[in-house]
Amino acid sequence: MENKAKALEIENLNLRSTLELKQFLNLDTIACEVKFSDIKDDDTLYLSKGSDDGIRLNQVVVYNGNMIGKITKLDKNCSEVTLLTSKDSKVGVIINNEYLCILRGNSNGTFSVKNYNTDIDINGNNSFEIKTSGVSDIIPKDIMIGNYYLKNKEQFKQTKELIFEPTYKYANIRIVLVVKGVK
């Protein structure tokens, strides 16, 4: 009984935090409950709202202020989110307001950016702020994906790939915001 009360308390705090965040984001959003997740095989979340609630394909999904995926399948009463960690995920991003890149999922709980077009300077900086680039017309510009740190500089020098692991656990996410547009 004590564990259930603690779990409800944590869920309540997360819900309050999400709803408070919604007020401060410069985005028009819909709050959705996560029905269940299929992280092991598909890197997918399933949401409690669908087209009848104003959800549309390719809308960005945000958790704790950061993009975690986008709507890829839709029904009247539910929707499917492909997470950034999925091998099917590709998003145009800008790193440290300087480097345009494509963020790709690795299907192992990580996502990465391969340094194809330019040399990303890692000598003076281990910190990388990642936002959507807005290069495509599908995903709006400047939606935060997060701040990440490069753990292994030597690996980057060999592979020219920045590999990041989200700081949150997808299985623990209960409420997300779906971005309808920019305010």
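The model is predicted. Six strands make up an open sheet with antiparallel pairing, and the structure contains six aromatic pairs. The largest pocket has a volume of about 260 Å³.

**Sheet**
- The strand order is β10-β9-β6-β7-β8-β11.
- β10 and β11 are the edge strands, each pairing on one side only.
- From one strand to the next, the twist averages 30 degrees.
- Five bridges join β9 (residues 127-132) to β10 in the antiparallel sense.
- Lysine 131 is placed opposite methionine 144 of β10.

**Aromatic pairs**
- Tyrosine 148 and phenylalanine 164 form a tilted pair, at 5.3 Å centre to centre and with 40 degrees between the planes.
- Because tyrosine 148 belongs to strand β10 and phenylalanine 164 to strand β11, this pair ties together parts that are 16 residues apart in sequence.
- Tyrosine 148 and phenylalanine 164 are both buried.
- The pair of tyrosine 168 and tyrosine 170 is edge-to-face, with 5.4 Å centre to centre and 75 degrees between the planes.
- Tyrosine 168 is buried at a relative accessible area of 11%, and tyrosine 170 is buried at 6%.
- One aromatic cluster consists of Phe111, Phe128, Tyr148 and Phe164.

**Largest pocket**
- The largest pocket is lined by 14 residues, of which Tyr149, Lys151, Ile163, Phe164 and Glu165 are the closest to its centre.
- At least two lining residues come from each of β10 (144-149), α3 (153-159) and β11 (161-164).
- By class, six residues of the lining are nonpolar, five are polar and three are charged.

Terms used:
Residues numbered from 1 in each chain as written. Predicted model: local features only at pLDDT ≥ 70, side-chain atom pairs only at ≥ 80, totals over all residues. Heavy atoms only, no water. 1 Å grid on protein atoms, 1.4 Å probe; cavity = no way out; pocket = protein on both sides within 12 Å on 5 of 7 lines; lining within 4 Å. Points joined across faces, edges and corners; volume = space filled by probe spheres on them. Helix = DSSP H or I, 4+ residues; strand = E, 2+ residues; numbered from the N terminus. Nonpolar A, V, L, I, M, F, W, Y, C, P; charged D, E, K, R; others polar. Pairing = 2+ DSSP bridges. Axes fitted to C-alpha atoms, helices over the stretch in contact; angles between N-to-C directions. Phe/Tyr/Trp six-rings, centres within 6.5 Å; stacked < 30°, edge-to-face > 60°. Buried < 20%, exposed > 50% of the residue type's maximum accessible area, 1.4 Å probe, protein only.
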